[in-house]
Amino acid sequence: MPDIDLLINALTTILVTIDPPGLAPIFLSLTVGMSRHERFLVARRGTLIAFFILSAFALFGNGILGLLGISIGAFRIAGGLLLFWIAFEMIFEKRNERKEKSGEAAITRDHIHNIAVFPLALPLIAGPGAISATILLSGSFSATIDRAQLILVIAFCLAILFAALVIADRIDRFLGVTGRAILTRLLGVILAALAVQFVVDGVKSAMVL
């Protein structure tokens, strides 16, 4: 059974990676002109799709790596570097700019009825960072019961995200521009520290091999 520290690490990593406060204003821009009920439906569908995507990688991510001949140590190093880059973007406000561009393009191409799938579920919620973090964490949750706990952590994080999307207009008003900037940078620093830890664990694992 994973210890409480491992569960807290998983919760923190996934929650910071999906970034509910940062997604709230982007979600508002994606759903402009929608009623509160329509936004609720889009948020529900998007988070459910993202949950199934992340759960699939939690269950089968290591198997996929094995088929490709990639060790978990190598993936921890690569994933840690990717997460560090995402943290860098969060600290210097590059990530939200990229997400906003993705959202604008999707509205133009796919119209409003498809935004729950793209770009909300993919790549805004279950993006490369969240997928990498999930596969990295699954290496520490090897037993079946442990994987079930990881999926529960993912479900809990996405439930928080869903709640944030439902009240996105209130969060945006409460935080304001300054509040969003401070919170995004703080979460970026936390994610950077977690990313470095993934790299350190990956190097240790690779050296053992």
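I call a residue buried when its relative accessible area is under 20%, exposed when over 50%, and partly exposed in between (1.4 Å probe, protein chains only). This is a predicted model, where local features need pLDDT of at least 70, side-chain atom pairs count only at pLDDT 80 or more, and totals for chains, interfaces and linings use all residues. Residues are numbered from 1 along each chain as its sequence is written, and side-chain values use heavy atoms, with hydrogens and water left out.

**Overall fold.** I found nine helices and zero strands in the protein chain. Helices (H or I, at least four residues) and strands (E, at least two) are DSSP runs, numbered from the N terminus. Of the 209 residues in the protein chain, 43% are buried.

**Helix α7.** I looked at residues 128-138 next, where 10 of the 11 residues of α7 are buried.

**Ile70.** I placed Ile70 in the loop between α3 (36-68) and α4 (72-91). Is Ile70 buried or partly exposed? Ile70 is partly exposed, because its relative accessible area is 35%.

**Surface patch.** Ile70 also belongs to a nonpolar surface patch with Leu59, Phe60, Ile64 and Leu68. Together these residues have about 470 Å² of accessible area, by the Shrake-Rupley method with a 1.4 Å probe. Patch residues have over 30% relative accessible area and no salt bridge, with nonpolar side chains (Val, Leu, Ile, Met, Phe, Trp, Tyr) joined within 5 Å and like charges within 9 Å. A salt bridge is a side-chain nitrogen of Lys or Arg within 4 Å of a carboxyl oxygen of Asp or Glu.
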